[in-house]
Amino acid sequence: MAGQPKFAPRIHVLLAKEAPYGVVIRRGPSKQVCTIGWNREEDTFQIGQWLKGRIYERRSDLSPDGKLMIYFAMNGAWTSESKGSWSAISRAPYLKAVGFWPQGNCWFGGGLFVDNDTYWLNGRYVPEPLTKPPLKLSAGLSNFQDYGGECPGVYYLRLLRDGWTLVYKKSISKQHQITVFEKPNNDVWILRKFANSQMDAPEGRGCYNDTHELENIKTGEKIDGLAWEWAEVDGKRIVWAQDGKLFAARLWPKDMGDISMLHDFNQMTFEPIPAPY
């Protein structure tokens, strides 16, 4: 009898806007997730913490200075102090909460940073914090649009805030909608993100998943990024995740430069790691 197919861990990355830092969110197996700090100047990586549960990476964010992370998580322990799901603010790349909001369901949750001292929580009703963070809670966002109570309700706002432009939406079927975003790398290249919401997602991908492509707007050349589950412009280079690995390449006026693999996250296994605070 054939065994279950083995998929590479899913990778999503949060990038700080004002600092060369990021947090990699690595999911795999499905009920285990790890956060890893990424020094983008030296391309070095530091493990944060593991969680036996799920982090909803599209409802998460990193403060502009890269020091704090906000995330929404679920472990299904519905009778526990966390109520089985919660929003939290932590010191990146760790998960130990300095702000903690037990929730008890998976509607809404998570949030965004307005600036280094102010945060916004996703939801019409914000639960009382069990631990209150030393930050200010914003009543709203200047660019707020209602994209629903699940992941796009935070993720699309984060993309728009971080320089992406929503170009168009289209329906493939009743079960599959695509929202297309674009971001220039320079005056030659455009990175295009196809944000899929689909109940019939392929095996190994969640109902919310992204694919990508690069286009040279002067020559019309397109580079296929269908296998890139996450991609971003990082200064003069493009960075992306594929097959459980993180890659980078410089984009020149006529072509893509050499591709570098920055890190392979495939062989990581769960280990209990205490936060240093």
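Strand E18 and strand E19 (residues 237-242) pair in the antiparallel sense over five bridges. Here strands are DSSP runs of E with at least two residues, numbered from the N terminus, and two strands pair if DSSP finds at least two bridges between them. Within this pairing, Glu232 has Val239 of E19 as its bridge partner.

This is a predicted model, in which local features need pLDDT of at least 70 and side-chain atom pairs count only at pLDDT 80 or more, while totals for chains, interfaces and linings use all residues. Residues are numbered from 1 along each chain as its sequence is written, and side-chain values use heavy atoms, with hydrogens and water left out.

Both strands belong to an open sheet of four strands, ordered E18-E19-E20-E21 with antiparallel pairing. Its edge strands, E18 (230-234) and E21 (256-264), each pair on one side only. From one strand to the next, the twist averages 20°, with axes taken as lines fitted to C-alpha atoms and angles running from 0 to 180 degrees between N-to-C directions. In general, strands of a sheet pair through backbone hydrogen bonds, either parallel or antiparallel.

The cysteines are a separate topic. The structure holds zero disulfides, a disulfide being a pair of cysteine sulfur atoms within 2.5 Å. Cys34 is in no disulfide, and the nearest cysteine sulfur belongs to Cys151, 20 Å away. The sulfur of Cys106 also has that of Cys151 as its closest, but 9.5 Å is too far for a bond.

The table gives accessibility, where buried means under 20% relative accessible area, exposed over 50%, and partly exposed in between (1.4 Å probe, protein chains only).

| Residue | Relative accessibility | Class |
|---|---|---|
| Cys34 | 0% | buried |
| Cys106 | 23% | partly exposed |
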